[in-house]
Amino acid sequence: MAEMGSKGVSAGKIASNVQKKLTRAQEKVLQKLGKADETKDEQFEQCVQNFNKQLTEGTRLQKDLRTYLASVKAMHEASKKLNECLQEVYEPDWPGRDEANKIAENNDLLWLDYHQKLVDQALLTMDTYLGQFPDIKSRIAKRGRKLVDYDSARHHYESLQTAKKKDEAKIAKAEEELIKAQKVFEEMNVDLQEELPSLWNSRVGFYVNTFQSIAGLEENFHKEMSKLNESLNEVLVSLEKQHGSNTFPVKAQPSDNAPAKGNKSPSPPPDGSPAATPEIRVNHEPELPSSATAGASLPKSPSQSSLPAVVVETFSATVNGTVEGGSGAGRLDLPPGFMFKVQAQHDYVATDTDELQLKAGDVVLVIPFQNPEEQDEGWLMGVKESDWNQHKELEKCRGVFPENFTERVQ
């Protein structure tokens, strides 16, 4: 009997819910057709718009924060691999090996700490902030249904009151249902009218705290990482001093702060390009052809002197070009003083009349400056191969160009 009673109650509840849905659907149709008025609350509708906007912004912030964390983790892995490479190539008898290993260990710990603090102080706070929205969103939807119930009960009560043949019993029951529907709606409405503006205003403090946390953590991270980099630099300087006779001249990409003659400094190529990587160049004494050594006495190579590497290389290439051509004019198919070829890796827009305009793929024949004092750091003199093959006139075709936009090919 108890089971039958339970089934009866359940069936009754299902039937009641079905009837409510049907009544709401009919009421919404009448409202859309203009046959029934709809209770409007513009202030509440504005609150709902703000709520949806706040939810959208918060969801995006959460997504971007997770992307940021993924990037931090990727940078951690890349930094770890780089340090592992240094540890592998650092030979046991080199000074500072233990210090280098300790720096690598601290580097790894610093990345781990940074990532974990971002999770604790930013991501978890973000998750907690967004965690309140689903419940409020559900209550807003429920309030909307209760408003339809209230309008439906109001319209039913009004229709019974205006009927030609009034049924007082039905009117009384309809009034009772109207009062009940109104009470349920107003209770939910009052609560949301208080919560939504408060939630909307809370976004300011939340954004401030979140971005302050991220900025503070990132600032501290870079301060500590800077200290580790300084320590690593000291270790490498010590290594360089002990093995100074075996070091090679490194031609680094010029920085914006480096003084340049004539105020000319090359623009950096796009990030991540091969041309942006500092070039390590080994200068050798020029090898003179046997025919040249037998017939002429050449100047002594300055490769062992204190001249800059670029001057040594210019000298070497010039000597080779002169000897191979058999006269001071250079090789027959190449411009006088030809040193080597480079290929443009990126487009370069000339900003002065003495500069070469380059397109990615252009081949440039590099030649020495007529006056070495005029050469700015990071710039080379040359003539595009296509122009040289067409005109064979240096005066019309030659110009300077940023070395870091090119890559040596010959």
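**View 1. A network of salt bridges links Asp135, Arg139 and Glu195 in this predicted model.** Glu195 is partly exposed, at 30% relative accessibility. In the whole structure, the search finds 14 salt bridges.

**View 2. Glu385 and Lys341 form a salt bridge.** The closest N and O atoms of the two residues lie 2.8 Å apart. Lys341 is buried, with a relative accessible area of 16%, whereas Glu385 is partly exposed at 22%.

**View 3. Glu393 pairs with Lys396 in a salt bridge.** Here the closest N and O atoms are 3.5 Å apart. Lys396 is exposed, with a relative accessible area of 66%, while Glu393 counts as partly exposed at 36%.

**View 4. A surface patch of negative charge gathers Glu186, Glu187, Asp191 and Glu194.** Of these residues, Glu194 is located in helix 5 (residues 168–242). Glu194 is exposed, its relative accessible area being 57%.

**View 5. Cys47 and Cys85 are shown with their accessibility.** Cys47 is buried, at 11% relative accessibility, and Cys85 is partly exposed, at 41%. With a cut-off of 2.5 Å between cysteine sulfur atoms, the count for the model is 0 disulfides.

Notes:
Residues are numbered from 1 along each chain as its sequence is written. This is a predicted model: local features need pLDDT of at least 70, side-chain atom pairs count only at pLDDT 80 or more; totals for chains, interfaces and linings use all residues. Side-chain values use heavy atoms; hydrogens and water are left out. Buried means under 20% relative accessible area, exposed over 50%, partly exposed in between (1.4 Å probe, protein chains only). Patches are made of residues with over 30% relative accessible area and no salt bridge: like charges are joined within 9 Å, nonpolar side chains (Val, Leu, Ile, Met, Phe, Trp, Tyr) within 5 Å. Accessible areas come from the Shrake-Rupley method with a 1.4 Å probe; for residues, only the protein chains shown count as cover. A salt bridge is a side-chain nitrogen of Lys or Arg within 4 Å of a carboxyl oxygen of Asp or Glu. Lys and Arg count as positive and Asp and Glu as negative; His and the chain ends are not counted. The place of a charge is taken as NZ of Lys, CZ of Arg, CG of Asp or CD of Glu. Helices (H or I, at least four residues) and strands (E, at least two) are DSSP runs, numbered from the N terminus.
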